[in-house]
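Me: I have a protein model open and would like to learn how to read its features one at a time. Please take me through them.

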Amino acid sequence: MTSRRSVPRTTAVATLLTTALAAGLLAGAASATAADAAADGPVRIHDVQGTTRVSPLAGKQVADVEGIVTGVRTYGSKGFWFQDAQGDGNPATSEGVFVFTGSNPTVAPGDAVKVSGTVTEYVPGGLNSGNQSLTQLSKPTVTVLSSGNAIPAPVVVSARTVPSRYAPAGDPAAAGSINGLVLDPRRYALDYYESLEGTNVRVGTSRVVGATDAHAELWVTVKPHENDNRRGGTVYGSYGSQNTGRIQIQQLAPLAQQPFPKANVGDVLTGGAEGPLDFNQFGGYTLTARTLGKVTDRGLKREQTRKQGRGELAVATYNVENLDPTDPQEKFDALAKAVVDNLASPDILALEEIQDDNGAKNDGTVSAGATVKKFTDAIAAAGGPAYSWTTIDPENNKDGGEPGGNIRQVFLYNPARVSFTHRAGGDATTATGVVRDKGHAALTLSPGRIDPANTAWENSRKPLAAEFRFRGEPVVLIANHFGSKGGDEALTSHHQPPVRSSEARRLQQAQTVNAFVKDVLKADRRANVLVLGDINDFEFSATTKALTADGALNAGVKSLPRAERYSYVFQGNTQVLDQILTSPSIRDFAYDSVHINAEFADQNSDHDPQVLRFRP
């Protein structure tokens, strides 16, 4: 799939809510009482934060707000956090807040300060992102009163303190928003974290559930038994299993001064972390560590699937993440080694995100022969079979993905084990169909695209269908790369439940593939059909339900124990995106989600490949 970080951190879109907009988001919230209280005396930090997600003082000037500096950030969104050491005793009001300076702050942790400025609500990603806002002070005037003071003791975030319920239901009168609801931190996890926004917090020794990434961050859980699996992850098994114990960890120290620790899923952050609780576009509530523990390596190993038997057909799917000839040979070699050693050289391999012969250079090139040759040569050099291949070149810049890259699906097949049934005429715009031939279902074009003119595939990858034979038995494979989740709101959205806008496109795509499979089964109800690829959706989603509608297909991943169902790790949630689905005639099969990438800091792709073996 394409990257979910469509906006670089250094240029991330953000919005400061105006007073009028803030009032609209409040939707009648009771937190206006904080403004009344503030009018009777000096404004304190809990007056700024209020008892809802949006400050009752948004858009107003405040003067001489006092507190102790708890953290300083000199990169990205530059500024500092400070905290009232006394507090008001109300669990719904945070005692800490961020001060946005825009340049390197001139304060240090332990400084007692007075801050005057404008109360603003900063929405990481912009208003249309659905993200919650971060209450902050902008255009500040800062006076240091003294230095070397004790930093307020951290609030310990633990399995005991974080509620099991994730979030309240959004207010129907406010388009499903929870912004105007008074926080209930003892009942809802999102309210609990919001009540600590800007506060100095601490997590103890915790298990890593999201590996260190290129942005120097990782995810831990403070609830070690929450939907855990044997490899150390936290499984996202339903829309109601958000996993409340997850929290993102970053560090305040610049990387040049202190390298960020490398961790895989299942490792342990020994000693935990302590620092202000931030909210950002790429993960929501984030502990920005002033002090950070050490990673204890728990020795997670990359999995290897077993070799198929002589009478078994092994099919696999693998998203190779924008592979093109300009990538270093090391990437080709690593992916090839995985095909041979970890996937046991499957008989047929559906690849997603194969780019054209010059990658992202946007010059009209659409052929991918050089890309595929470089990959198949690397597989052979790694001791694998001499794979043949088939694909259909897309129209230039019509299938989404990186501009100029022209990603597409490709079938690799081992001619020593399977034969490809070629029926000429397939191209980017011509649809393949189904006929009955000699008692079997047959494709009119092989390879061919399924209904490429359907609006469901606009600016998206069209399904690639091809017919093969194994030991004399015909097998129809359909390789897919459905539309990405780009545009969906985060789990931490102020809309609850979050808006999943991308789902509508995948639902249409699934319905189109389901209809085609039904055409195959109408021609031969015993046909061996496999639908596979990067479905970009969960095994419990409406997309999967549409693919399997009327019994046309079965989701192979559901044959695994619930804790083993995942091919991707996103924000500390292990989840399904890649799937292989089977027609009813394929009753007895072995399914394996081969975990070699998603759980690791060092990745050849961000997806785990899937393998299915059966006897036609």
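**Reading the model**

Reply: V366 is partly exposed, because its relative accessible area is 22% and the classes are buried under 20%, exposed over 50% and partly exposed in between (1.4 Å probe, protein chains only). This is a predicted model, in which local features need pLDDT of at least 70 and side-chain atom pairs count only at pLDDT 80 or more, while totals for chains, interfaces and linings use all residues. Residues are numbered from 1 along each chain as its sequence is written, and side-chain values use heavy atoms, with hydrogens and water left out.

Me: Where does V366 lie?

Reply: Helices (H or I, at least four residues) and strands (E, at least two) are DSSP runs, numbered from the N terminus. V366 is in the loop between strand 16 (348-354) and helix 6 (369-381).

Me: Which residues is V366 in contact with, leaving aside its neighbours within four places in sequence?

Reply: Contact means heavy atoms within 4.5 Å. On that basis V366 is in contact with D356, D393, P394, E395, N396, N406 and R408, its neighbours within four places in sequence left aside.

Me: How do I read a nonpolar core?

Reply: In soluble globular proteins, nonpolar side chains tend to be buried together. A nonpolar core here is a set of buried Ala, Val, Leu, Ile, Met, Phe, Trp, Tyr and Cys residues joined through side-chain atoms within 4.5 Å. The largest one has 31 residues, of which V157, Y193, V203, I247, I249 and L287 touch the most other members. Elements that give two or more residues to this core include helix 4 (189-194), strand 11 (246-251) and strand 13 (284-289). Another core, of 26 residues, lies apart from it, with L313, Y413, V475 and V576 among its members.

Me: What about charged residues?

Reply: Side chains of opposite charge can pair when their charged atoms come close. A salt bridge is a side-chain nitrogen of Lys or Arg within 4 Å of a carboxyl oxygen of Asp or Glu. The structure holds 24 salt bridges. In one of them, the side chains of R73 and D278 meet at 2.9 Å, N to O. R73 is in strand 2 (residues 61-73) and D278 in strand 12, so this pair ties together parts that are 205 residues apart in sequence. Both R73 and D278 are buried.

Me: Are D602 and K262, which meet in a salt bridge, buried or exposed?

Reply: Their side chains meet at 3.3 Å, N to O. D602 counts as partly exposed because its relative accessibility is 44%, and K262 counts as exposed because its value is 54%.

Me: Which residues are linked with E303 in a network of salt bridges?

Reply: The network links R230, R231, E303, E564 and E599. Within it, the side chains of E303 and R231 meet at 3.7 Å, N to O. E303 is buried, with a relative accessible area of 14%, and R231 is buried at 9%.

Me: How do I read a sheet?

Reply: Two strands pair if DSSP finds at least two bridges between them. An open sheet of six strands has the order 17-18-16-15-31-30, with mixed pairing. Strand 17 (388-391) and strand 30 are the edge strands, each pairing on one side only. Strand 16 and strand 18 (residues 408-413) pair in the antiparallel sense over five bridges. A350 has F411, in strand 18, as its bridge partner.

Me: And the helices?

Reply: The expected span of a helix is 1.5 Å times one less than its number of residues. Helix 7 (residues 503-523) has 21 residues and reaches 30 Å from its first C-alpha to its last, close to the 30 Å expected. Its buried residues include A510, V513, F516, V517 and L521. The buried residues of helix 7 pack against elements including strand 24 (473-481) and helix 8 (542-547).

Me: What should I look for in the backbone?

Reply: Most residues other than glycine have a negative phi, and most peptide bonds are trans. The peptide bond from S446 to P447 is cis, with omega near 5 degrees, and the bond from Q496 to P497 is cis with omega near 5 degrees. P447 is found in the loop between strand 21 and strand 22 (448-449), while P497 is in the loop between strand 24 and helix 7. N322, in strand 15, has a positive phi of about 55 degrees although it is not a glycine.
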